[in-house]
Amino acid sequence: MLSRTIRRSILDTRVPTSALPPTFLLPNRARYFNSTTQHVDTPPESIYISQLATSPPAEAAETVTPVRRPIRPKVPLPPAPISEPVALDASVKELLPLLAAQPSHYISAHIHAKPYLVTAGDTVRLPFHMPGVVPGDVLRLNRASSLGSRDYTLKGTPYLDERIFECRARVMGTEAEPMRTKEKKKRRNRRINTVKSKHKFTILRIAELKINSLEDIEGSGTESV
Amino acid sequence: MKRLRIERWSGQLLQQQPRRTPSRPCCLRQKQAALYASSTRFSSTHAGASSEDLIFEDGEEFGQQEQQTRYNSPPLEAASSSSKLAALHARLGLSPNLPLQTMARTLVDASADSNLDFNNASLAQLGGSIMSYHVSEWLLCTYPRLPMTILFAAAYAYSGPKTLQLVGKEWGVETAAAPGEEVDPGFLQFSKMQPGQGLPNGVGSVRPDRHGFYRRGMSSRVVYDDEFGDTISKGHEENLPLPTEHAYANFVKAVVGSIYLHSGSAAAKAFVKAHILSRHLQIATLFQFKEPVRELSRLCAREGFEYPVARILSETGRASRHPVYVVGIFSGKDKLGEGQGPSMQEARTRACVHALKAWYLYSPGSDVRVPSDMELRGAREWEAVHIDMGEVIH
Amino acid sequence: MVVQAIRKATTGQNGVGAFILQCKRLDFHYCDWAGSSKGMNTFLRNSLSKFAAANPAVEITVSPRPSRHPIIKGTYINGREKAICVRNLTKEQILQKAELLRDANGEKLKKVTKPVKSINESVRGVWSPYHDGGIHV
């Protein structure tokens with residue numbers, strides 16, 4: 001009974017994206033002064049909450065969305081944007097609204113080929129120190145191998161099309177572990193070498209996990225063609 | 001849950017109060033001076049203006065008075081030189097439209113400075129209404145079937161004083177040891193309660209049915225009580241010391257109110273959404289049922305479903321010390337809920353609770369449109385949200 | 001009364017809606033005379049204003065601490081403090097230390113073995129032995 005009412009109600013409540021871009025897309029000023037010279041682009045004019053209300057929404061979104069950029073040659077370049085239209089299977093078209101209708105979702109997002117099974121609001125400690133980000137930055141995670149809810153899972157081959165979902169992570173800061181020491185001793189030798197290591201790790205928080213509606217997905221596909 | 005007339009309130013707030021202490025510049029005054037020039041007497045007291053521009057009503061020199069009078073809150077000039085205040089302003093990502101002077105005013109509680117021009121009482125009143133409006137419209141549209149008690153508790157969880165204290169502390173605001181003129185304006189200033197002092201309990205209530213023989217029912221709370229279903233006390237002394245959580249709550253509300261005044265309603269809504277509604281709450285944990293089996297059968301009768309029947313789905317260890325039964329509640333062929341427990345009664349009760357929660361927590365999606373979305377320019381036409389009959393009464 | 005309610009408070013999820021930088025204040029202490037403060041004094045003279053302008057959310061105080069080594073002390077929203085001694089460091093190294101304090105969250109350093117921390121309920125539900133056929137012995 002309940003599942004049927006939910007299903008029925010879902011098919012007509014496709015809520016549009018609100019006209020205001022979310023506040024976490026606001027730029028952070030801290031990145032323009034760092035010890036490592038990373039971001040050399042000129043800052044976009046600072047956008048504040050109040051000005052967002054007056055500025056036309058599409059324009060504001062465009063200025064802020066490039067959340068991740070090639071910084072140094074060491075950092076791999078983001079994959080080229082997909083230009084061909086999305087070819088959604090008929091079964092995906094039928095079941096994706098049902099998946100989106102269920103109350104909570106998970107995604108197994110890939111960062112540097114490692115999967116992280118997360119839901120919105122989770123904290124992820126990356127096993128490395130991400131260069132060129134400062135606390136408050138927003139990354140869009142566009143690689144995912146599966147996306148699901150309680151009853152449905154959409155699996156990628158091997159990855160999902162990035163236009164199906166929007167997953168954003170906020171850089172919370174950098175943490176470290178307590179220093180590790182390892183004693184290195186060779187046989188028949190008094191000398192003990194003590195090796196110390198203390199690594200830094202970037203902390204992310206999954207700020208948003210949204211499944212795009214079919215109209216949005218197909219609309220964006222035809223635009224880019 | 002109550003009708004608010006915010007546009008009228010802000011008009012009242014902006015108007016000048018009769019002044020008690022002469023020649024003390026006030027932060028909100030500078031903008032409103034032009035708007036209300038005809039209706040005000042002291043419109044020339046600009047906050048940013050130098051002392052030569054000030055006009056004193058008694059013709060006295062400012063310096064002479066200053067030595068005699070000790071104000072209860074920091075002066076206006078201190079706001080622009082306080083690094084704490086500027087850092088707080090930047091930490092919250094507020095717009096430059098919102099001056100530091102107003103920010104300083106939001107940190108002065110009525111118990112610290114009783115002058116209404118310099119404390120945050122009016123801003124807190126305005127901001128509290130805006131906040132509770134956005135919280136309740138979001139709750140009502142997202143969970144249209146919540147019973148009234150749960151709705152009150154959910155509103156309390158999102159915007160009650162306990163939560164707002166947490167919010168204020170997570171913003172990094174500290175309290176001043178004692179309020180005064182010399183305090184850094186970046187501290188929250190209120191008069192603290194002494195150890196061992198009893199909590200201030202409100203004198204009487206504004207309800208017309210104060211007598212004990214009236215039952216304080218749920219529907220009367222919607223009309224008479226505040227947004228959490230608590231009675232509003234009638235006589236409230238502003239100068240009395242108050243608990244820390246109320247001081248923090250007033251501050252957070254005042255910040256929302258000042259954003260509304262300086263940056264507009266869209267910014268205030270975005271702020272409430274980002275700081276209050278983004279917090280984590282499992283509404284399912286707020287429920288406490290007394291007679292779930294009976295309530296579920298009443299619900300099925302009301303909605304025209306078949307009478308709910310409990311059936312054992314699986315069991316293990318019936319003869320052992322710790323049996324487990326899994327019981328499903330069925331209405332006809334539909335399974336409404338299931339629960340497991342060490343006895344069949346317990347399992348049935350849990351199954352009923354599960355079914356009732358599934359009914360009450362129906363949601364059209366967390367990003368459902370709310371009435372205030374219509375204020376945006378170019379908003380689509382409003383489609384009526386789901387309105388439920390209400391909770392089951394038996 | 002049919003359903004009764006339990007009063008609770010919501011838990012904060014910094015970064016989900018708004019982001020609040022956890023570093024609240026940075027104190028820079030220096031000594032005018034001692035040689036270990038040389039880099040610190042250069043840093044205070046040349047780079048601190050830029051650092052402060054780039055991080056408006058952090059309150060920055062500078063105060064002398066005569067005949068002591070220079071330190072940077074960070075105060076965090078959770079009430080903890082972290083202090084780093086920057087004796088004999090150059091101004092670039094001091095900037096890195098200041099950024100380290102800015103990026104930290106104030107918690108005590110802990111060894112973390114699981115990468116994902118969550119307060120949400122399990123999306124797919126917890127496995128139950130009584131469903132899906134169970135185990136037939």
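Biologist: What makes β3(A) and strand β6 (residues 116-117) of chain C a pair?

Modeller: Two strands pair if DSSP finds at least two bridges between them; β3(A) and β6(C) have two bridges, in the antiparallel sense, so they count as a pair. A strand here is a DSSP run of E of at least two residues, numbered from the N terminus. Within β6(C), C:K117 is the bridge partner of A:T123. This is a predicted model, in which local features need pLDDT of at least 70, side-chain atom pairs count only at pLDDT 80 or more, and totals for chains, interfaces and linings use all residues. Residues are numbered from 1 along each chain as its sequence is written, and chains are lettered from A in the order in which they are written.

Biologist: Which residues count as the contact between chain A and chain C, and how many are there?

Modeller: Residues are in contact if their C-beta atoms, placed from the backbone, lie within 7 Å. The contact takes 35 residues from chain A and 32 residues from chain C. On the chain A side, β2 (114-118), β3 (123-125), β7 (165-176) and β10 (200-211) each give two or more residues. β7(A) gives the most, with six residues.

How values were computed:
Two residues are in contact if their C-beta atoms, placed from the backbone, lie within 7 Å. Helices (H or I, at least four residues) and strands (E, at least two) are DSSP runs, numbered from the N terminus.
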